[in-house]
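Subject: Structure handover

Hello,

Here is the structure I promised to pass on. Please open it first, then read my notes below.

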2 protein chains.
Amino acid sequence: MPGSVVPGEFELIAEFFAPLAGGGAFGLEDDAASLAIPSGENLVITQDMLVEDVHFFGADAPGSIAKKALGVNLSDLAAKGARPLGFTLGFGRTSQQTRDWCRAFAEGLGAMAREAACPLLGGDTVNAPVLTLSITAFGAVPSGRMVPRQGGRPGDLVYVSGTIGDAALGLKMRLEPDAPWVQALDLGLRAHLADRYLHPRPRITLAPLLLAYASAAMDVSDGLVGDTDKLARKLGARFEIARVPLSEAARTAISTDAALLETALTGGDDYEILCSVPPDRACEFVAQASNVGVDVTKIGVLETASSPKIWKSAMGQEKRFTRRSYTHSL
Amino acid sequence: MPGSVVPGEFELIAEFFAPLAGGGAFGLEDDAASLAIPSGENLVITQDMLVEDVHFFGADAPGSIAKKALGVNLSDLAAKGARPLGFTLGFGRTSQQTRDWCRAFAEGLGAMAREAACPLLGGDTVNAPVLTLSITAFGAVPSGRMVPRQGGRPGDLVYVSGTIGDAALGLKMRLEPDAPWVQALDLGLRAHLADRYLHPRPRITLAPLLLAYASAAMDVSDGLVGDTDKLARKLGARFEIARVPLSEAARTAISTDAALLETALTGGDDYEILCSVPPDRACEFVAQASNVGVDVTKIGVLETASSPKIWKSAMGQEKRFTRRSYTHSL
């Protein structure tokens, strides 16, 4: 059958999705999956829904779209300290999802699923006006140990993994490719930003360290500043902008156009880990993270509830943001 | 704030969804839910996605849309013999989802969730071009005991719960309200068909009986005839059309327009249980189902793989169907 044809539901499942199915998925031939949760562990459940023209560009490579849809869910599992168990896929498709498209989508999805040891367990295929991907991902943590968003205490140090702002700048670059700041980046730096927007890197290897060291954790999806507000919702906090880890690409962009600093700090789609760690455990946490290949950087400290939430500039003044979070609408 | 305003994401969650949250959902304030699965039990996972103008009419009452979205998932859990544990909601909303709309939606969702003891555990709220509801539902069965779709053996009797075809006729009635067959129905019969299309009745009380008696089960969502093909995929089977349970409304409609028989048998959206039961357990199964208030009707028998799948008319001839299943696209 030619690759330009839109496959029927059963063909789609049998040919492209069934090869990704894990144990308990019954080859995607049943109406439900069945999963044994090891005794002494809790199930962790997270759901992220991605809509074409809202969360991604429909014209992007199908494999990239697949990796983003699964990656943002794996990022949530990692932030909770969970070991991936599997996922279900709600696949709302249009006439654009031809056989060739679906093959490439399944290849990308399978590559990330194998890398994360997180097989496909089931889902639903429906017709939709735009491509709509609704993934529910499952993980396991020792009973009662899911790393909470709001477990931080005054005095805990706040860390972030990797670098911040690359994805937001990558999106901005696509929306305004002729802007002077884009022209100031060489091709390698542009490719870095473009890649960070397209391909979240879920910090799966950090999960066991968050279980061991973090008092609270979440992933950075809606912008670092707004997400620190959420982590410290019932507390005060102090952050230093100069400490926020930036890539060479982000630093170059910001040095060309200082307003891009706010884009980086509030733009979202980072899928890095934001966490708080008691000060006496911090040194070991940083060393262990480095051992699994992830740089974590201290950006601030949690304070008592009577304190404000402050971001300080390099000059020591309080920085005010126009908006603290990003709301998705491409 | 006026009811005609579209609520912000955090307001929506705090005001309308958080009151439906169950234990382990952390008041919907975390990025994930945590669930303890009792030892000796397996988790059962099912996902159904409903899209406006494909699976439901956007102008329908928000509470009805909510009940349908959750109900079709509860129907899958029931068919697998699972006790509901909870669900997550992917809520793809448009500018039509005002505060008043969301309040009514949450009321309908909460009513069905409470009735099924199936609380909200989490989810995601996004912007979408049409209302898109992606529910993943969780249940529990004794370890290794999920009732499979393809566990039937030759000689097992095939049963269906309730009545078949009402929802498909209810949909057809809405699409062609002036048809002679609609005019032949009194208001009470019309209301019955309309209600069956709007409000699936998940057969939760049958779940423990399916565990105890059924060799295979699934819910009837894509039309009885096509779904019996799936139940008997690796087997032969013989069914008698005259045995298929029909409501008074469906019988009246079909007596006016004989072509509606095929609509009833292949139209979908029934959300009744289709199952196979070994003949020596059948009598007890029927009696126990009646005890929990559900009529189940024998419609046929599974045969060896070398036999065909045949539907016989009341006159004893083989009935051929134009199409055996329904594909959703309103």
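A search of the whole structure finds 44 salt bridges over all chains. A salt bridge here is a side-chain nitrogen of Lys or Arg within 4 Å of a carboxyl oxygen of Asp or Glu.

Before the details, some ground rules. This is a predicted model, so local features need pLDDT of at least 70 and side-chain atom pairs count only at pLDDT 80 or more, while totals for chains, interfaces and linings use all residues. Residues are numbered from 1 along each chain as its sequence is written, chains are lettered from A and ligands numbered from 1 in the order in which they are written, and side-chain values use heavy atoms, with hydrogens and water left out.

**Salt bridges within the chains**

Start with A:Glu272 and A:Arg196. They form a salt bridge, with the closest N and O atoms 3.0 Å apart. A:Glu272 lies in strand E9 (residues 272-277) of chain A and A:Arg196 in helix H6 (residues 187-198) of chain A, so the pair ties together parts that are 76 residues apart in sequence. Helices (H or I, at least four residues) and strands (E, at least two) are DSSP runs, numbered from the N terminus. Both A:Glu272 and A:Arg196 are buried. Buried means under 20% relative accessible area, exposed over 50%, and partly exposed in between (1.4 Å probe, protein chains only). The two residues also belong to a network of salt bridges that links A:Asp166, A:Arg196, A:Arg201, A:Arg203 and A:Glu272.

Now look at A:Arg320. A:Arg320 forms a salt bridge with A:Glu318, the closest N and O atoms being 3.8 Å apart. A:Arg320 has 65% relative accessibility, so it counts as exposed. A:Glu318 has 38%, so it counts as partly exposed.

In chain B, B:Arg324 and B:Asp229 meet in a salt bridge at 2.6 Å, N to O. This pair links distant parts of the chain, 95 residues apart: B:Arg324 is in the segment after strand E11 (309-312) of chain B, and B:Asp229 is in helix H8 (residues 224-231) of chain B.

**Where the chains meet**

52 residues of chain B are in contact (heavy atoms within 4.5 Å) with 52 residues of chain A. The area buried between chain B and chain A is about 4,000 Å², and carbon and sulfur atoms give 54% of it. Buried area is the accessible area (1.4 Å probe) that two parts lose on being put together, summed over both.

The rule finds eight salt bridges across this interface. In one of them, B:Lys80 pairs with A:Asp31, with the closest N and O atoms 3.7 Å apart.

Strands meet here too. Strand E2 (residues 41-51) of chain A and E1(B) run antiparallel, joined by three bridges. Two strands pair if DSSP finds at least two bridges between them. A:Ile45 stands opposite B:Ala33 in E1(B).

**A covered strand in chain B**

Which strand of chain B is mostly covered? Strand E6 (residues 157-161): five of its five residues are buried. On one side sit B:Leu157, B:Tyr159 and B:Ser161, and on the other B:Val158 and B:Val160.

E6(B) has these strand partners. With strand E9 (residues 272-277) of chain B, E6(B) pairs in the antiparallel sense over four bridges. There, B:Val158 stands opposite B:Ser276. Five bridges join E6(B) to strand E10 (residues 296-303) of chain B, also antiparallel. B:Val301 in E10(B) is the bridge partner of B:Leu157.

Best wishes
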